[in-house]
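Trainee: I have a model open and would like to learn how to read its features. Could you walk me through some of them?

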Amino acid sequence: MSKITTELLLERAVPRSTRLRKIETLNLSKLQLKTGDLDPRLFSRLRHLQKLDLSDNLLDKFPNSLTLPDLRVLNCNNNKLEDVTALKQFPLLEELTYENNVYLTLNDDYKVMFLLQNLRLLNGKDITKLANHVRRVNSRKLTSKVTAHWEKFFRDQLPEKYTAEQVNSIKKKFLKSVQTNVVCGPSSLSEFTRWRVKMIAEEFLAYSLGLELNTDPEPEEKRDESEEESTESPTEATEDTSQVGDFSSYISNVTVTPSKRKRNHSKPDSGNKRSKSQAKSKEADVSAEPLHFLQCHSKGNSREDFKTQLWSCVFEPLLDCGARKDPIVSSSRTVATCGGESVCLIDCETGTVLKKYKVATEEFFSVAWTTLTMVISDSRKKSHNILVAAGRRGIVKLIHVAADFCYGEIKAHKKPIATVCFSPTRETHLFTASYDKRIALWDIGIPDCDYNFKASQLLVLEALSIPLRLALVPTCPEQYLLAGCEGGCFAWNIKLDDEKKSRPFEAMFQFPDEDGGVTSAHRVDGLAFLNDDVVVSKGSKPGCINVWSWSRSFNTRGKGCQRTVPAVILAELEWSTTNMSYLTLSTCPAKAYVFCGDEKGSVWMYNLSSYTTAWSSAKGKRSDRRIPPSQILKWPELRANGEQLSEVLVNNVVSDPTFTYLVVLTSVNVTAIWKKS
């Protein structure tokens, strides 16, 4: 049953009323109302309603037929609105407020200014002069550009006598082209511009060719990889061209052909047809299908860019509040990836690039998520996911993804940042590992409602070489940090009750080398915990990945000074014999899986669930033989512009927490997404 009844409306009227048609002012705030609670049949009886307060509810949109013909003032503060175009049904609206709807942006402000011709006040500000400019000057400029685009590129394509099929084909091409190529105003308004351009183009075609006009401006058509919508962050505008925005990108000029390699049976990727790669082993029977191959990190959005290296990807954490219905954003099928000048947010199921953030002078190496509890207004608190990205410039970017806003930066190091990670217990604590041979611990602070924040450095860990990978010890994440470095694997005490702000390492681990001895001076370019105690690392010798015990290794050290301690090896995983570096590994603790890519584009997967019980025993024995992969996903034969993509390195491969999706980052600017079936 709906929360809104006739009795409630009469009671909440100001003043109280005995007839719905007599109500002029209505307060429906703080009722936990959702969109479905706004019954058009009931609201249609409020014929003389002029002022409506819907603040502090859970509305994500407006129904399209509320029928409030006399509405003049509307308050929608503190909701979950994601779209404003339905407000066009209130043509007499003069005052509108929708502050603290984090999914609405500057583009939405411009949309309502255009749609509502009588609007004078928006979020308490007089917008009369700006709205006139948007409705008249901006519209004239865009109309001129749309007309010129038709005359230059499309008019001659239409024959004197044309069929309906030819007209529809031209219309489709024209709408797609004009939204891509007609640009006007700052990039921060590109979504609004594209929205208006489509509207103007449809009106132009309806007038010129007598085509049926689509009077509903939403939703917009999906774009290919050459089309971009971005919102320039005000905090970045003076220094670099940082942009956050929606972006859909597919490799339309890349085709997948059947692979002749074993264990892979890929078919041409047609969007609907999906090919499967299956393999059986003693440990597992896993079936995975390649869903998408994306080219979304291209420099300058070039389709010819198959050189940009992709380095890091992390799945978005689940928000504590389950009010949002959108499964794309509220579930762990959303992954952040980075490489080159951009960071992308991708929906793994659909292959849609939801957001894209760019800094033209940057090369991003690492991304990480945290969830901050932010104060919205009236001391109300809400959880929001924050994404950080860092790379060659040594600067950490702080991005509030839901608001499409890079709200700040931390100048963390003077040299490039190789990797970043958040503490799992303290949401504002961020570790940054740099080429300056230091690992810094930062408190990034919590932004207020105006995005003011204060960051501070809490700790500096001194390394002997460049740190490449970081891993906090799961059983004591506030006390010990592991790092894989260019010159070995080290552990630091990071407990903050110690007054020392600059600390040397506490332990350096030794591993077997290829000559039968042990070594501590080797590159460790892969490092992750499989569970609370078992560590997986790569680098001491070709052809294998080490599995070892953190507790049994660390507890052999002496107290006091730094110690070199032998890693207690539990097993070795059979891997490629390549000498290629920086092909990192990852784990899926919930499923006891290890993943690592190789120099041929393949993904090696190890199901270690049958070993972990024995390893957890205090006297757990080392596995005598190298453990082979449970499955190897072979790289399909991708063709770009008719030529096969070759020499594909898998720089990183990461699964979501439940091992539903597998995201593969490559050296050829291709993000591959596989799905376990």
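Mentor: Gladly! Searching the whole structure turns up 27 aromatic pairs. By pair I mean rings of Phe, Tyr or Trp (its six-membered ring) with centres within 6.5 Å; planes under 30 degrees apart are stacked, over 60 edge-to-face, and the rest tilted. Trp150 and Phe154 make a stacked pair, with 6.3 Å centre to centre and 15° between the planes.

Before we go on, a word on the source: this is a predicted model, where local features need pLDDT of at least 70 and side-chain atom pairs count only at pLDDT 80 or more, while totals for chains, interfaces and linings use all residues. Residues are numbered from 1 along each chain as its sequence is written, and side-chain values use heavy atoms, with hydrogens and water left out.

Trainee: Why does Trp150 count as buried?

Mentor: Buried means under 20% relative accessible area, exposed over 50%, and partly exposed in between (1.4 Å probe, protein chains only). Trp150 counts as buried because its relative accessibility is 5%. Phe154, at 6%, is therefore buried as well.

Trainee: How is the pair of Phe174 and Phe204 arranged?

Mentor: That pair is tilted, with 6.4 Å between centres and 50° between the planes. It links distant parts of the chain, 30 residues apart: Phe174 sits in helix H5 (residues 164-181) and Phe204 in helix H6 (residues 190-209). Both Phe174 and Phe204 are buried. Helices (H or I, at least four residues) and strands (E, at least two) are DSSP runs, numbered from the N terminus.

Trainee: Which rings are linked into a cluster?

Mentor: Ring pairs join Tyr480, Phe509, Phe511, Trp548, Trp550 and Phe554.

Trainee: What lies over the face of Phe114?

Mentor: For a charge over a ring, NZ of Lys or CZ of Arg must be within 6 Å of the ring centre and within 35 degrees of the ring normal. Here Arg196 lies over the face of Phe114, 3.8 Å from the ring centre. Phe114 is one of the buried residues of H3.

Trainee: Is Arg41 buried or exposed?

Mentor: Exposed, because its relative accessibility is 68%. Arg41 lies in helix H2 (residues 40-43). Its C-alpha is 8.8 Å from that of Ser65, which is 24 residues away in sequence.
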